[in-house]
Every structure is written in C-alpha cells, then in structure tokens.
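Reader: I am new to reading protein models. Could you take me through one, feature by feature?

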Amino acid sequence: MALAAAYPHGALLLASPIQAALRLLELLPSPAFWQAAGNSSARIFGGFLLSCALAVLLAALAAGRPRLRELLVPPVAVVKAVPVASFIILALVWLDARSLSLFISGLVVFPPVYLNVLEGLRQTDPKLLELARVYRIPLRRRLWGIYLPQVLPYFRSAASLALGLCWKAGAAAEVIGLPPGTVGERLYNAKIYLQTPDLFAWTAVILILSAAFERLFLAVVDGLAGRVGA
Amino acid sequence: MMEIRVEGLCKSYNGKPVLTGLTAVFRPGITCVSAPSGTGKTTLLRLLLGLERPDGGTLCGADCRWAAVFQEDRLLEQLPAGANLRFALGEVPGEAAALLARLGLELSDPEPLRTWSGGMKRRLALARALLAPWEALALDEPFTGLDGENRARCLALIRERAAGRPVVLATHDRTGLEDAPLVRLGRE
C-alpha cells in the first residue's frame, strides 16, 4: 500500500502480470508483431540449426582425430568463457545488425552441442564397432544402429540447454544491434519509452517462443530416438 | 578347399607374451582351440579376424570374409531380434525364421533383447553369425550360458554349416567336439 502511494504510476517501474498480458493481447492482432516474432525466430533458430550442424560435423571429425580435437580446445574454451556482450560488440564491427542474432545464437550453441556430441561419440561401444568391422556393416547402418543411439541422449541434453541459451543471447544481440522489425528492437523501444507493460509482453513472447521451439525440436529428437531405440 | 595357416604367431600385451610362435592349420570343418583362461584363445581369434596385428609370424588365408560370435553377445539390446539381424546382415535372410526356430527363438518376437535371457541372446548371436555370408567362422566360447539341450542344438547347426568352410571354435569344454581337430594353447 505504501509503495503504491509513493509510486502512483507504478506500472512504469513494474507492470503487473495482468497489464503485461493485456498488452500482449493488444499486440497479437498486429502484423508487425508477427513480423517481429518471425524475423527473430528465423534468425535465432536458424543460428541454432546451423551451429548444431557444424558442431555435430566437427565432433564427428574430431572424435577420431586427436589433433583436430586439440586444435578445437582453445576456441571452444574462449567461446565458453568470454561474455556474450563482448562477442556482440565485436561482431557488430564485422556483421550487419540483421546477421548479428544469427551469428551470436549460433556462437553460444556451438560449445555445448560440440562437447556433448563429442563425448557421446567417445563413449561409443568399441565392441560394437569391432562387430561392425567383422560383419562389414556399411556406414549408414553403423550410424543408425551404433552411433545414433549412443549420441542422441547426449545431443538431446545439449540441445535443450542450447535452445534456452540461444534465445537469451539472440535477443541480447538484437537489443544491442537493433535490427529493424525484431523482438530485440521492440524490447529496446519499450525500455527507451518506459513502456514497461510492452517490455514484459515482449519478454513473455521470447519465453513462449523459446519454450515452443524447445518442445518442437526435442519432439523431433525424441521421435528419432524412438526409431533407433535410444 | 579353403584353409587358414598361422606360422610362428606371436602377440604380447604390455610386454607380457600371450602367443609365442603358434603354428596351426584351420581346415574346413570345426577346429577346436583349447586353453586355460587367459592363455590366448581370444587373442588368436582377434588376430584371425584382423582386429589386431601380430607382433610376429604370418597368417595365410585369414583375409577372407569372417563371421564371429565374440566372447560377449554384442547385440543391440534396445532392438528386437529381427532388427538386430537387419542391422548386422542388411536384410533378414529367408531362412532366418526356420534357423531361429531350431534354436528355440522366434524371429517375430517384438520385445527388445534387453528383456531376453542370457542364453537366448547367446543363441541369437550364434544365429546372426550362421546367417551371415561367411567364408570362415570364429566362435569364442559360443556355448556360454547354454544348457545341455541348447548346446546340442547349437553344435548340430554349427556342424551343418561348417561343411567346406573353416570354423575356429575356442572353448574350454570340448563335450561333443572330441572328434574335432584340436589346437592347444598355453599351459595345456
């Protein structure tokens, strides 16, 4: 009560969940809302997918090549340790604002996916690989029968973690880079114009998109795991 | 007639000799390799299968198409029998259902192998080897975990399939194999 009396325009500092929800409902019918959500999703999830593909490829190559594995240790350690904000500012020098969130989300996804898939591959049962050698089992069937069941649980846990990370980092990149027509730009504008209900509504949009993409992607991974019996 | 010759075969691990100058011939039919535990049976099979390189000696005729039953079953426990055969052989051979039935197994069993008993898995591992297109067969203690009746069934099938092709059978128990040529290793 005292706080409400001291701050009669409290929504400026802290919007209530109802105010945020009402603002979100106002935003929903607007084409600009869907454009912003679509642009951000395409770049952030695109960065996630590209980075996953690169991480899986490099992990597959590095699993059997100790030199490549050692070569990748320093860059992976740097990406893990350096704050995302530093990368965002640095990347702004090289990239235009539109590509920034794709690059940054890909960057934060790479270490957990690469390291987990590499660990999964290194845990592959050598006895089954010997069996495959003796029975001359081709690579495609080895992938399906030996590698995928072994690696998928590792990949799943990495992807679950990485999907949350990429939305956080991607949105931060958009807030700093301000690519037009994105969720990050809307967040920035909400902050500049002290539209706290907007800020909360767009934050909720990020949460919803992150959760939706995580569920969707993990459902695909689980479907694949079910098929190979992982 | 295909035969495999090993001459002066040597292999050691961490300086400890396991095989020292083994010379033997594996002709078509079953040849038993008998030795106390830890005296080179598995090592000999691994050398024949090309999974390891010998420190010395020669292997002639071993670069053929092998099938094997390893010391462990090496099956995909998360999959049922049919999927295991498809994984190893590419497709399930037409004779698979009949062969599995002779071993007391059902090809159409939908349960993953993790629900099977040890003896059933052992018989499936043997069936997988017998159904594969092989020129030589390596069997490492193939009767482990089998009762007398199942052992006899398995042995009868191996004998049938061994005609014209060498089968190297490592075992410490030669029951029913007394007539097979014997290669002794180690202290025996």
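Author: Start with the terms. Helices and strands are DSSP runs, numbered from the N terminus; a helix needs at least four residues and a strand at least two. The model shown here is predicted.

Reader: In what order do the elements of chain B run from the N terminus on?

Author: The order in chain B is β-β-β-α-β-β-α-α-α-β-α-β-β. That makes five helices and eight strands.

Reader: What share of the residues in chain B is buried?

Author: A residue is buried if 20 or more other C-beta atoms lie within 10 Å of its own, and exposed if 12 or fewer do. In chain B, buried residues make up 39% of the 188. B:Tyr13 has 10 other C-beta atoms within 10 Å, so it is exposed. The C-alpha atoms of B:Tyr13 and B:Ala163 are separated by 35 Å, and the two residues are 150 apart along the chain.

Reader: What share of the contacts in chain B joins residues 24 or more positions apart?

Author: Among contacts with a separation of 6 or more, such pairs account for 77%.

Reader: Now the sheets. In which order do the strands of the five-stranded sheet of chain B stand?

Author: The order here is S5-S6-S7-S3-S8, in an open sheet with parallel pairing. Strand S5 (66–69) and strand S8 (182–184) of chain B each have a single partner strand, so one side of each is left without a neighbour in the sheet. On average, neighbouring strands of this sheet are turned by 20° against each other, direction ignored.

Reader: Which residues of S7(B) stand opposite B:Gly29 and B:Thr31?

Author: B:Gly29 stands opposite B:Pro166, and B:Thr31 stands opposite B:Val168. Both pairs belong to the pairing of strand S3 (residues 29–34) with strand S7 (residues 166–170) of chain B. Five bridges join these parallel strands. S3(B) is also joined to S8(B), in parallel, by three bridges. There, B:Cys32 stands opposite B:Leu182. Five of the six residues of S3(B) are buried, leaving this strand mostly covered.

Reader: What is the strand order in the sheet of three strands?

Author: This open sheet of chain B has the order S2-S1-S4, with antiparallel pairing. Its edge strands are S2 (16–26) and S4 (56–60), each pairing on one side only. Four bridges link S1(B) and S4(B) in the antiparallel sense, and B:Val6 stands opposite B:Leu59 in S4(B).

Reader: How are two packed helices described?

Author: The description gives the angle between their axes and the distance between the axes. In chain A, helix H8 and helix H10 (residues 196–228) pack at about 175°, with axes 10 Å apart. Angles over 145 degrees count as roughly antiparallel, so H8(A) is roughly antiparallel to H10(A). By class, this contact has 18 nonpolar, three polar and two charged residues.

Reader: At what angle do H3(A) and H9(A) cross?

Author: The axes of helix H3 (residues 31–63) and helix H9 (residues 183–192) of chain A cross at roughly 125° and come within 7 Å. That angle makes H3(A) oblique to H9(A). A:Ala36, A:Ala37 and A:Ser40 in H3(A) meet A:Val183, A:Gly184 and A:Arg186 in H9(A). The contact has three nonpolar, two polar and one charged residues.

Reader: How many residues does each chain bring to the contact between chain A and chain B?

Author: Chain A brings 11 residues and chain B brings 15. On the side of chain A, helix H7 (126–134) and helix H8 (139–177) each supply at least two residues. H7(A) gives the most, with five. By class, the side of chain A has six nonpolar, two polar and three charged residues.

How values were computed. Residues numbered from 1 in each chain as written. Chains lettered and ligands numbered in written order. Predicted model: local features only at pLDDT ≥ 70, side-chain atom pairs only at ≥ 80, totals over all residues. Pairing = 2+ DSSP bridges. Axes fitted to C-alpha atoms, helices over the stretch in contact; angles between N-to-C directions. Contact = placed C-beta atoms within 7 Å. Nonpolar A, V, L, I, M, F, W, Y, C, P; charged D, E, K, R; others polar. Parallel < 35°, antiparallel > 145°, perpendicular 65-115°, else oblique.
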